[in-house]
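Visitor: I have not read a protein structure before. Where should I begin?
Guide: Look at the whole thing, and then we will take its features in turn.

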Amino acid sequence: MMTEIRIVSRGGQGGVTGAKMLAYAGHLDGKFVQAIPKYGAERKGAPIFADVRISTTHVKTHAPVITENTHSWIVLDPSLIQTIPLSKLSQDTLIIINSQEYPKSLQNENKLRIGKVDAVKIARECGLIKSGTEMVSTVMLGAWVKATNMVSLESLKNAVKHQFGDGELTDANIRSIELAYSQFEFI
Amino acid sequence: MKEMVQTLEKPQTKLMTGSEAVATAAKLSRPQVIAAYPITPQTEIVETLSGMVTRGELNAEYINVESEHSAMGAVIGASLAGTRTFTATSSHGLLYMGELVWWAGLTRIPVVMPVVNRSLNPWNIWPDHQDAMTFRDAGWIQFYAKNNQEVLDLTICAFKIAEHHKIWMPVMVCLDGFILSHTTAQVEIPSQSDVDNFLPSFKPLAMLDPDDPFAHGSLTDSEGIWEQRMSLIAGFDNARVIIPQILTEYTEKIGRLGNYMVEVTGDIDNAECAIVALGTMGEEAEQAIEFLAEKNIKAVVFRPRVFRPFPKKELISLIKQVPRLLVIDRAVSFGNAGQLAIEIQAELYASKVDVKFYQIIRGLGGKDVSYADIAAEVEKVLKEDK
């Protein structure tokens with residue numbers, strides 16, 4: 001079985017690094033994984049996406065995730081909801097949004113499962129701000145783990161340690177994951 | 001069905017990008033001189049290796065150069081001085097290196113060079129095979145890897161193949177830019193002692209020595225060039241035989257790889273159509289045949305992992321067993337067709353093989369090619385040839 005996840009973000013929010021950490025968490029859980037960043041002329045603030053595959057068998061495909069098959073969309077900036085081809089999504093596709101409120105544009109999407117977490121608030125509480133941008137990717141991963149339980153919380157924390165080493169940054173990211181895990185809610 | 005099976009439980013299985021897999025393989029192979037110039041999407045390879053040298057993890061001379069042309073010049077000199085050499089490049093870097101790529105090929109310099117496949121002009125950083133295909137005639141062995149694991153395994157094998165005294169020629173290991181170079185996936189890392197056991201230290205066939213002087217690459221008359229070219233042709237004939245032997249040795253001593261020049265995936269006996277593709281499109285096709293099987297369509301994948309020497313015999317013996325053939329190229333010889341298709345067609349005629357032949361070009365400039373796309377092409381072939 002293969003789960004395909006797309007992380008939608010703006011350059012500087014940590015979406016690509018988040019994809020790597022999520023793949024690493026799957027790796028620690030003993031799954032086959034892949035993290036594919038969409039590279040190009042990316043720059044701070046520009047829309048960007050990164051894909052993650054977590055599978056019980058070796059992953060043979062190398063293409064970006066196919067929209068209809070995507071299990072989850074992790075949206076790091078609510079203004080990017082408009083980039084999701086909603087009409088193509090399959091029944092029960094999960095969308096997790098960094099937002100204080102239930103986005104109006106999704107209020108009639110009955111076939112989707114939608115959840116939110118105020119990741120900006122959590123990132124600020126944890127001091128995860130770099131060059132004026134809240135680093136919300138680990139927050140959003142914590143919310144995704146709460147919503148799906150598809151990788152273990154422990155593995156996600158260990159993936160953060162693997163990415164950032166021991167120190168304050170790791171501690172802050174782990175705290176952000178714990179807060180997101182407790183504050184995430186389905187809408 | 002052959003599969004490159006990885007064992008996730010082993011602690012030596014690590015998550016890494018294709019670029020890191022190249023750098024790791026290079027480090028394990030103990031090159032003595034590295035000269036390379038950064039270019040997207042190859043940059044992470046040279047960054048990683050220069051870091052390893054700086055931190056003392058890799059005992060190599062790292063020569064900072066001002067261009068790809070100089071990088072190849074430096075490794076040619078270093079190789080002739082009797083050292084194991086390594087460089088890596090991509091796209092325009094490869095073109096700029098071009099004069100010396102031919103020099104290394106025609107004068108038989110056993111350097112190993114991963115080429116992170118990237119499109120050419122106008123500016124485009126995304127993957128296709130146009131860069132490496134441009135040098136398919138340059139006297140280099142060419143491998144095309146399908147995933148990060150194969151990148152690592154083939155890079156280590158490339159040193160042993162390049163340096164075999166009956167081959168003694170440069171080797172390109174091609175990996176699709178971004179699709180492999182920047183994608184993180186699991187790679188099983190062999191131990192240093194296992195690699196040392198497989199790959200002994202560099203033994204020069206001839207080396208420049210002030211105490212025993214000779215000339216290399218100086219002005220040569222027609223007779224000399226003729227003799228040299230014939231010897232290079234013979235070297236490729238040797239390579240055809242020796243490459244599978246070296247892959248066998250790697251598989252026995254280290255694991256996984258398998259000794260085939262053309263990988264076969266699927267049920268050849270019942271296949272309605274065979275798909276031929278290089279690199280990651282080959283593994284994408286493996287996924288496509290599983291997708292087709294759900295629709296009760298039987299297909300098989302023939303993936304040449306080596307393009308030079310061209311595995312003619314292996315391909316022909318396989319193609320003879322199927323009714324239809326779909327060749328997918330990720331590059332094009334403008335004015336004709338995809339290079340893989342052209343070369344297979346020539347062999348089909350020479351060997352009088354009767355097969356329905358279809359060719360398509362996909363993925364130029366990094367245009368995505370998914371298993372669903374490939375499956376749709378197979379269905380189209382079957383519809384056209386009822």
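Guide: Two strands pair if DSSP finds at least two bridges between them; strands (E, at least two residues) and helices (H or I, at least four) are DSSP runs, numbered from the N terminus. This is a predicted model, in which local features need pLDDT of at least 70 and side-chain atom pairs count only at pLDDT 80 or more, while totals for chains, interfaces and linings use all residues. Residues are numbered from 1 along each chain as its sequence is written, and chains are lettered from A and ligands numbered from 1 in the order in which they are written.

Visitor: In what sense do strand 6 and strand 7 of chain B pair?
Guide: Strands of a sheet pair through backbone hydrogen bonds, either parallel or antiparallel. Strand 6 and strand 7 (residues 171–176) of chain B are parallel, with 4 bridges. Tyr144(B) has Cys174(B) of strand 7 as its bridge partner.

Visitor: Which way do the residues of strand 6 of chain B point?
Guide: In a regular strand the side chains alternate between the two faces of the sheet. In strand 6 (residues 141–144) of chain B, Ile141(B) and Phe143(B) point one way, and Gln142(B) and Tyr144(B) point the other.

Visitor: How do I describe chain A as a whole?
Guide: Count its elements, then follow their order. Chain A has 5 helices and 9 strands, and from the N terminus they run β-α-β-β-β-β-β-α-β-β-α-α-α-β. The C-alpha trace of chain A spans about 45 × 40 × 35 Å along its principal axes. Of its 187 residues, 51% are buried.

Visitor: In what order do the strands of the 9-strand sheet come?
Guide: This open sheet holds strands of both chains, in the order 9(A)-6(A)-5(A)-4(A)-1(A)-3(A)-2(A)-8(B)-1(B), with mixed pairing. Its edge strands, strand 9 (185–186) of chain A and strand 1 (13–17) of chain B, each pair on one side only. Strand 2 (residues 32–37) of chain A and strand 8 (residues 184–188) of chain B run antiparallel and are joined by 2 bridges. Within that pair, Gln34(A) has Ala185(B) as its bridge partner.

Visitor: Where is the other open sheet?
Guide: Chain B has an open sheet of 5 strands in the order 9-11-10-13-14, again with mixed pairing. Strand 9 (262–266) and strand 14 (356–361) of chain B each have a single partner strand, so one side of each has no neighbour in the sheet. Strand 10 (residues 273–277) and strand 11 (residues 299–304) of chain B are parallel, with 4 bridges. Val276(B) stands opposite Phe302(B) of strand 11.

Visitor: At what angle do the axes of helix 10 and helix 13 of chain B cross?
Guide: Axes are lines fitted to C-alpha atoms, for helices over the stretch in contact, and angles run from 0 to 180 degrees between N-to-C directions. Helix 10 (residues 280–293) and helix 13 (residues 371–384) of chain B cross at roughly 65°, their axes coming within 8 Å. Residues are in contact if their C-beta atoms, placed from the backbone, lie within 7 Å. Among those that meet are Phe291(B) and Leu292(B) in helix 10 and Tyr371(B) and Val378(B) in helix 13.

Visitor: How many residues does each chain give to the contact?
Guide: Chain B gives 22 residues and chain A gives 21. On the side of chain B, strand 8, helix 10 and helix 13 are the elements that give two or more residues. Helix 10 of chain B supplies the largest share of that side, 5 residues.

Technical notes
Contact = placed C-beta atoms within 7 Å. Buried ≥ 20, exposed ≤ 12 C-beta atoms within 10 Å, placed from the backbone.
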